[in-house]
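Hello,

I am passing on the structure that we talked about, and below it you will find some notes on what came out of the analysis. Please read them with the model open beside you.

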2 protein chains.
Amino acid sequence: LTQKNDDRTYPAATLRDFASHCLQAAGAPPETADTVADNLIDADLRGVTSHGIPRLINVYVERIEAGAVDPLARPTVVRETTATALVEAHNCFGVLAGNLARDLAVRKAKEVGSAWVGVAHSNHFGTCAYYTNHIAAHGMVGITFTNAPPTMAPWGGIKPYLGTNPIALSVPTRGGVPISVDLATSVVARGHLLLAATKGEPIPEGWAQDQRGRPTTDAAEGLAGAVLPVGGHKGYALAFMVDVLSGILTGSGFSRKVGHLYGDLDRPQDVGHLLGAINISCLIPLEDFYDRLDRMVHGVKSSPLAEWADQILVPGEPEATEQARQGEGEIRVAGAIRQQLLQLGARLGVPLE
Amino acid sequence: LTQKNDDRTYPAATLRDFASHCLQAAGAPPETADTVADNLIDADLRGVTSHGIPRLINVYVERIEAGAVDPLARPTVVRETTATALVEAHNCFGVLAGNLARDLAVRKAKEVGSAWVGVAHSNHFGTCAYYTNHIAAHGMVGITFTNAPPTMAPWGGIKPYLGTNPIALSVPTRGGVPISVDLATSVVARGHLLLAATKGEPIPEGWAQDQRGRPTTDAAEGLAGAVLPVGGHKGYALAFMVDVLSGILTGSGFSRKVGHLYGDLDRPQDVGHLLGAINISCLIPLEDFYDRLDRMVHGVKSSPLAEWADQILVPGEPEATEQARQGEGEIRVAGAIRQQLLQLGARLGVPLE
């Protein structure tokens, strides 16, 4: 749709400021806007563009303007025990509530060894790895679950009932770059079907089913049907449990009650999250943990290759490599996205260039 | 290989006693033998025959006799904080250490809301759901990870480096039957390939790769190669993290260092486990949790069906249905297994019938 030479790179700080000022123009206080912007740019710097600055354009600002997210709301702790807490998001930006839960989990795990913090009545909060990587930076195992709007049918069903409901886990390494898993329990996100449909391209078998529950390679049929869980009944079972842990356990929306991010502009999403931290040094000296993990990484990466592979990666390595490459440097913005950012900035009175 | 009419059903109590007395004849104290027998029978009653009484025949007794498991060892707590603990198994039967970890996690979660307990230097401990279901019976979320002997290559590799490394989660329901996920991060266990190879049957595509990393439907080639992770790189990433959490974090064996259950009779397996509990009532009143979960189960089960399906199950439902059907009643033992049990009993001086 656009020329490759419409792409442009910007300093990360420029995009972060632009995002923050757009959110402020839409009604978010500066501190809130900065926090949301940081979450978006973190995803871009790790190469997870789907959760980066493009979200600003047609969702985050729009949801403030529609009143679906309360930009003035601040999360509060409403229940607390020594090793658990429940954060009430009051329909604030998901990242505000996620950060509070994350910091509380880390503080408690420092004190008593481990903790779980749930978040109720929240919104989309970016990537789960954003939280687990921060927790790992404290010498801890970070664990995060969130539910998401329904796009996946229960195994044997046809009606979307569960979200992509991701699971994320991060652990620290001696070098400071976490090993990290952040995976949807669906084979792909619905966005991949949308993209294929837009381009008029077929989708690989195994991505989606049609409205009668039959496998399909037609993107439009898949969109009318449902995305498929990873590993069939296994992914369904995991998605189910993630909804129980993040939605049901926290008192948030669950299954069909979770609002769509791009639709349902007239109501809060009512997303639930659950964040956990385990203080590694309570189980094993951190240096021993690092030594052992180094050996495992070395073993995996030096293992003989399959015919079709040119290297073996450890979990989170593609994102870590991208982050190391980009550092605090420049983020490449695709031409089509750039045009929309410029339009958004013009409408809100925030210059990008 | 055997006639169907060689099958026989036995009262569960008869098989439990038989298992316990065989283990005692091999050198286990009565209490230990009873605990191991209970773990095996629990799997049979839930229809998970792979982890039931057949394990007695050619593994559990054999490992005692070979000195690979110490039947006299008792697990001890070697590190403890308010919300974590580390259990040293001293190469005891896995279920002894697993039970101690489980009970400690429950006690701590009752006191402070949640806890994680690791287990070091352990052995095969049965199904993970055995532990998570027990934790759920206390009104808690039960979580269990364990590593396992290497049968799966890293994604892009050819050499087995990771085990089936399962993940299990259970939550309680009002009716008392837990909702439970207990899944290997491989597509199937290696046992399925062995069975197909014995029968001379092909295996479905997606189960295994050959020695050069190519997909294969030949069971023998798959056995010489490796089983495949569920969902490709996603299952690999999960298996990796399960090994980090259960093996590396606890100071146990990890990756290629975990001993095989059926081979490696000359050495301990050095398996690691990690068990977690979250006290539901610290986050939401238990009755509210049950109400919400009931609504979710009802919604899923009454959802319209795909063409190919005749019902929608919730996670753990097949095992729960089997358990409800069998209750404390009878367990069907296949003819070939029965013959081996009779031989084992004759050798050890323990009558089965």
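Over all chains, a search of the whole structure finds 38 salt bridges, a salt bridge being a side-chain nitrogen of Lys or Arg within 4 Å of a carboxyl oxygen of Asp or Glu. Side chains of opposite charge can pair when their charged atoms come close. One salt bridge is that of A:Glu65 and A:Arg347, at 3.0 Å from N to O. Because A:Glu65 lies in helix H3 (residues 54–65) of chain A and A:Arg347 in helix H11 (residues 335–348) of chain A, this pair ties together parts that are 282 residues apart in sequence; helices (H or I, at least four residues) and strands (E, at least two) are DSSP runs, numbered from the N terminus.

Before going further, please keep in mind that this is a predicted model, in which local features need pLDDT of at least 70 and side-chain atom pairs count only at pLDDT 80 or more, while totals for chains, interfaces and linings use all residues. Residues are numbered from 1 along each chain as its sequence is written, chains are lettered from A and ligands numbered from 1 in the order in which they are written, and side-chain values use heavy atoms, with hydrogens and water left out.

Between chain A and chain B the count is 4 salt bridges, including one between B:Glu307 and A:Arg212, whose closest N and O atoms are 2.7 Å apart. On the side of chain A that touches chain B, helix H8 (residues 233–248) of chain A gives the most, with 11 residues. In terms of contact (heavy atoms within 4.5 Å), 80 residues of chain A meet 80 residues of chain B. The two chains bury about 7,100 Å² between them, 72% of it on carbon and sulfur atoms, where buried area is the accessible area (1.4 Å probe) that two parts lose on being put together, summed over both.

How are the two chains related? Chain A can be laid on chain B with an RMSD of 0.0 Å by a turn of 180° and a shift of 0.0 Å along the axis, which is the relation of a two-fold axis; the copies are superposed by least squares on the C-alpha atoms of residues with pLDDT of at least 70 in both. Of the residues of chain A, A:Gly231 comes closest to the rotation axis, its C-alpha being at 2.6 Å. The copies meet through the same surface, because 100% of the interface residues of chain A are also interface residues in chain B.

Best wishes
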